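Visitor: Hi! Could you walk me through this structure in plain words?
Guide: Happy to. Have a look at it, then ask away.
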Amino acid sequence: MCGIVGYCGNKQAAPILLEGLTKLEYRGYDSAGLAVRDGEDKVKIVKAKGRLQELANKTDDGKAMKGCCGIGHTRWATHGEPSENNAHPHHSDDFEVVAVHNGIIENFTEIKDKLLKKNYTFYSETDTEAIVKLIDYYYKKYNIGPIDAIAKTMVRVRGSYALAVMFKDHPGEIWVARKDSPMIIGVDSKASFVASDVPAILKHTRNVYYIGNLEMACLKGGEVHFYNLDGEEIEKELTKVEWDAEAAEKGGFEHFMMKEIHEQPKAVQDTINAYVKETGIDLSNVGITDEELKGLSQVHITACGSAYHVGMVGQYVIEKLARIPVRVELASEFRYRNPILSDDSMVIAISQSGETADTLAAIREAHGRKIKTLGIVNVVGSTIAREADHVMYTMAGPEIAVATTKAYSAQLIAVYILAIRIAKAKGMIDNDREAELIEELKKLPGKIERSLEDKERLQWFTAKFSNVHDVFFIGRGIDYAISLEGSLKMKEISYVHSGAYAAGELKHGTISLVEDGTLVIGVITQNDLYEKTVSNMVEVKSRGAYLCGLTNSGNYEIEDTADFTVYIPKTDELFAASVAVIPLQLMGYYMSVARGLDVDKPRNLAKSVTVE
Ligand code: G6P
């Protein structure tokens, strides 16, 4: 996720900005930049691709940029590859307006087209450049001050933003605006600061203002004025930050994993927003046409780890909706199996990092056979994103905890959207069903949010079992795919042995492992399979298992069978994984915490596996 820092006061800005940006490194970034204005002189902008050290080298640790007012940015690419050109700050053609931005502007192509007609030129592929130029356009056209120009822009853009802007006519001032992207403002007696997160300014001040949605502010020295969308000045309360620097990086959560678990409603919402427009599903950014989808005879999904589990869900959802065969395969198997791929099939590689060695090799294998490839990838500009014929980006933002949560959830959304589109292109669903599925998709962020509310009870339950030796997860169909992810979450961070089994398969071996006190978690979100799975749960219960039942709210008769129950908000059964995975992630997390382990960096594991 991008990071913003701004400073205006009586000290040299650039070294303060650089230092602030290093405190935001944990958010992930691929390039960085600074803009500093020295009085009324032209603003100086320096950007660099890669680590912050590159930017420090280019600016002699900031000493080469003179001026007491400036803005800085670390960029996590969303629109346009990681490059110096796409790095922020961005500027208007005459450098009158310079800005950094965090968030996603959904209608930026529309705005860009309008501005191109007004003779603006664009040098980057970013959505940010469109906002900077739109502010400049309003500012000059109506000859209005910064607040009105920014307010007009806020009304015109759709999406999320934390914006910090400098105007040539207003030296020594930073103007900011916010909607749905984090931003705080700090003050001391002589200076003010803006940042996307507290750690960036903690060294200088603990006195902060939280700027609300659709609000603006002007920072000048130690003074800050706040405004609403109508340009009226509003009052804000100053708050004292009590966190230490480490807690601040985690947004007050104890671990990055918990922070990322809570970021899932947003990751899901942002991914939906990227592909679901007012007119329906729009894959024009992916570059796949309905013609191509219509002609598909088969889909091969290949991935590793949790991404493979998303593929398992995808297999059920695509087959159910589009009625074409889907084969899911571990990338490490696919690459050496000499797979049989027909010309009219497509290989989909799912990867958060876009760098997993086996998944990349699978894409190359498909290319060698001249088969079309699609990457569902989180990191913009990663190798899989560059090498796949088409890329569908997930909008989870950077993930820091080794055990994935929000990237998994965003990948599920990409797969659902693709499934709906293939089904539509093939004429397997009509407009009404498509509209119904899209409506259900839009409700998922709220349902995920509600599932998070049950966490205290899950913590209590998990802590009770913190000495357990084995945990088994069982389910059928999509519930089996959910079980696979629940089991992986449990074992990878808590080191408790766990396994996921298709519930009908238990009797073929696994049931011999069940003894008094074995914890068995039954996942039952699919109505037509409900009774079958419940029977399998009864079978293990009669052999001494302690049963936890995870099912849709309303299925209260599960209490006759299960010793502990977890209810999740009901959704279309095809999308159940998105909601059911939340309590399972929380159980894995709390098990690790109860056993006193390093949740974010489990032993022997890496976030991105770039070797075979
Ligand atoms: C590692 C991570 C997992 C991830 C897997 C695949 O094992 O710990 O969380 O699911 O790699 O990574 P990818 O970046 O390809 O999604």
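Guide: We can start with the whole chain and then go inside.

Visitor: Okay, what kind of model is this, and how many helices and strands are in the chain?
Guide: This is a predicted model. Its chain has 19 helices and 27 strands.

Visitor: Is the chain compact or stretched out, and why?
Guide: It is as compact as a globular protein of that length, because its radius of gyration is 25 Å, close to the 25 Å that the globule rule gives for 612 residues. The C-alpha atoms fill a box of roughly 80 × 55 × 45 Å along the principal axes.

Visitor: How many of the residues count as buried?
Guide: Of the 612 residues, 61% are buried.

Visitor: And what is inside? Which residues touch the most other members of the largest nonpolar core?
Guide: Those are Met392, Tyr416 and Leu441, in a core of 138 residues. Helix α14, residues 406-425, gives the most to this core, with 13 residues.

Visitor: What is Tyr416 in contact with, leaving aside its neighbours within four places in sequence?
Guide: Its contacts include Val313, Val317, Leu441, Leu444 and Phe575. There is also a second, separate core of 32 residues, with Tyr137 and Met216 among them.

Visitor: New topic: charges. How many positive and negative side chains are there?
Guide: The chain has 71 positive and 87 negative ones, and the centres of the two sets lie 2 Å apart.

Conventions: Residues numbered from 1 in each chain as written. Predicted model: local features only at pLDDT ≥ 70, side-chain atom pairs only at ≥ 80, totals over all residues. Heavy atoms only, no water. Helix = DSSP H or I, 4+ residues; strand = E, 2+ residues; numbered from the N terminus. Rg over C-alpha atoms; globule rule 2.2 N^0.38 Å. Buried < 20%, exposed > 50% of the residue type's maximum accessible area, 1.4 Å probe, protein only. Lys, Arg positive; Asp, Glu negative; His and termini not counted. Charge placed at Lys NZ, Arg CZ, Asp CG, Glu CD. Core = buried A, V, L, I, M, F, W, Y, C linked by side-chain atoms within 4.5 Å. Contact = heavy atoms within 4.5 Å.
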